[in-house]
Amino acid sequence: MNRFTSSLLIVSVTLLAACTTEREQYDVLIVNGTVFDGSADSAKQTNIGVVGDRIKSMSAADNAHATTTIDASGKLVVPGFIDPHTHAKTRLLDPATSANANYLRQGVTTVFIGSDGSGVSDRVTTLQTMQRQGIGTNVVFFAGHGALRRAVTGMEDRVATSDELQAMRMLLREEMEAGAIGLSSGLFYAPGSYSETSEVVELARVVAEYDGVYDTHMRSESSYGAGVVAAVEESITIGRQAKLPVHISHIKALGKSVWGHSAAMIEKIEAARDAGVDVTANQYPWQASGTRFSNALIERWVMADSKVRMAERLRDTALLPRIKSEMQDNLVLRGGPEAMLVTNAASEYVGMTLAQIAAILEMEVLDAAVEVVLNGDPSIASFVMNKDDINRLAVQPWVMTGSDGTAGHPRLYGSYPKAFGDFVRERALMSTAQFVHRSSGLVADTFRLCDRGYLRDGYVADIAIIDIDNYKALASYEQPTEHSTGVTDLLVNGKLAIHNNGLGALAGQTIRKTTCN
């Protein structure tokens with residue numbers, strides 16, 4: 001062999017070794033999928049390479065090496081969905097349900113807790129416990145206006161003093177320093193309902209200092225009080241005066257008395273957005289709302305001070321005529337006794353309407369309702385929404401998907417596939433890309449989740465692979481705990497939480513708010 005041939009051989013071997021060394025290496029490689037990246041852009045065919053908890057490449061080579069390769073042929077590849085309104089805290093703390101499989105099976109990789117003003121009680125221990133024992137989804141938390149009030153003013157039906165408001169500000173600042181995404185309120189519920197708008201504005205100003213969001217269960221979603229349109233106006237006022245984004249949770253027009261009012265609500269929100277107030281909302285696709293008997297029927301003055309005092313008032317023969325008169329008005333708003341279905345599995349009345357309960361107890365309807373509240377106060381589903389309002393709100397570009405998942409209601413197990421089925425597959429109100437955006441990127445943008453909600457190089461690898469023909473909600477009002485189908489594989493922080501339809505790693509993280517670059 002001459003010197004030239006020898007040199008050529010050495011160069012060839014060196015180049016071959018370099019090519020082998022530089023061949024792409026991934027922990028997870030997703031190939032052949034139809035990729036929607038979380039924007040409203042059309043799908044593209046590309047491969048995704050994941051290393052650790054991050055997307056390393058959105059254009060990985062077909063022949064790249066990977067520990068796990070997932071062939072997504074014929075399936076959608078989308079960002080893991082982000083649910084901005086859940087009540088998942090208890091499930092996440094219970095080792096038997098901490099996988100949060102009901103959400104994973106819908107393609108949800110991140111849930112928000114502390115909604116409706118509840119906040120996260122014993123926050124430090126709660127979040128540490130979740131992280132230590134393992135959770136299936138990521139968790140983001142709100143500070144809660146109702147929790148602040150309970151800590152400072154208890155359940156008293158009155159305006160907070162200046163000193164009490166200052167104490168609430170200090171507690172709220174601690175929550176925001178700990179990483180809360182914003183402040184949630186439940187102005188429909190006690191004790192949030194006892195506050196004036198000015199109190200909420202002052203607290204929201206603290207949140208604005210941390211670039212947070214004000215999230216609200218509005219003071220009314222029906223014709224309670226000043227009504228739903230006035231409640232929208234109050235929400236906008238809080239955002240405008242406190243100079244921060246406003247997010248309206250589970251937006252709806254609840255009850256026949258306000259069916260059609262969604263048009264006026266949208267008009268108010270669009271005008272505010274045009275004037276520079278950042279207003280968004282989330283929505284679940286179900287026609288029935290969910291709450292407790294007491295919250296649906298009993299006025300808030302009856303609930304003041306404590307549950308013991310509420311029970312005393314409900315047994316007070318002098319007060320009962322007034323209480324029942326107000327309950328009758330609220331019963332009409334809720335669609336009557338036939339439209340109120342007990343959903344709490346622990347209740348002896350589960351699966352029964354208020355009308356059926358009254359017949360069993362051989363009581364007048366309102367007397368039966370009082371009896372049920374005094375003996376368990378179970379959760380109910382109220383069939384009080386109109387499809388036209390649901391559809392009109394769904395197509396707004398500032399409305400995103402949210403479950404408001406509660407035990408006994410099918411929204412806990414099936415909101416995302418039902419929304420896809422209703423709005424994309426059946427009614428053609430939006431494209432698949434728009435549905436994916438409203439369930440991922442829009443949520444991340446709204447709440448400043450800097451590196452989630454999109455499929456992009458360097459972003460966290462929260463990724464769902466969906467067999468779209470089989471992406472369906474099986475949960476119903478009669479069988480509310482049936483898992484959804486169609487999510488064949490799911491990555492949470494780069495780990496397989498679902499693989500080949502089977503549950504896998506508990507890879508969720510507790511997420512603190514950070515400042516985006």
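Strand β18 (residues 379-383) is mostly covered, with 4 of its 5 residues buried, where buried means under 20% relative accessible area, exposed over 50% and partly exposed in between, using a 1.4 Å probe and protein chains only. This is a predicted model, in which local features need pLDDT of at least 70 and side-chain atom pairs count only at pLDDT 80 or more, while totals for chains, interfaces and linings use all residues. Residues are numbered from 1 along each chain as its sequence is written, and side-chain values use heavy atoms, with hydrogens and water left out.

**Confidence**
- The chain averages a pLDDT of 94, and 96% of the residues score at least 70, pLDDT being the predictor's confidence in each residue, from 0 to 100.
- Over residues 8-21 the pLDDT is below 50, and this stretch has 1 contact in the model beyond near neighbours in sequence, a contact meaning heavy atoms within 4.5 Å.
- Where pLDDT is low, the predicted coordinates should not be read in detail.

**Strand β18 and its partners**
- Strand β16 (residues 288-292) runs antiparallel to β18 and is joined to it by 5 bridges, with G290 having A381 in β18 as its bridge partner.
- Strand β17 (residues 340-342) also pairs with β18 in the antiparallel sense, over 3 bridges, and here V342 stands opposite I380.
- Two strands pair if DSSP finds at least two bridges between them; helices (H or I, at least four residues) and strands (E, at least two) are DSSP runs, numbered from the N terminus.

**The open sheet**
- Six strands in the order β11-β12-β13-β14-β15-β19 form an open sheet with parallel pairing.
- The edges are held by β11 (143-144) and β19 (399-401), each with a single partner strand, so one side of each is left without a neighbour in the sheet.
- Within this order, β13 (residues 213-217) and β14 (residues 246-248) run parallel and are joined by 3 bridges, Y214 having V246 in β14 as its bridge partner.

**Helices α5 and α7**
- Helix α5 (residues 145-153) packs against helix α7 (residues 197-209) at an angle of about 105 degrees, with their axes 12 Å apart.
- That makes α5 roughly perpendicular to α7, a description that applies to angles of 65 to 115 degrees, with under 35 counting as roughly parallel, over 145 as roughly antiparallel and the rest as oblique.
- From α5, H145, L148 and R149 meet E199, V200 and L203 in α7.

**Residue N47**
- N47, found in the loop between β3 (44-45) and β4 (48-51), is buried, with a relative accessible area of 8%.
- Not counting residues up to four places away in sequence, N47 touches residues including L29, I30, M58 and D62.

How values were computed: Axes fitted to C-alpha atoms, helices over the stretch in contact; angles between N-to-C directions.
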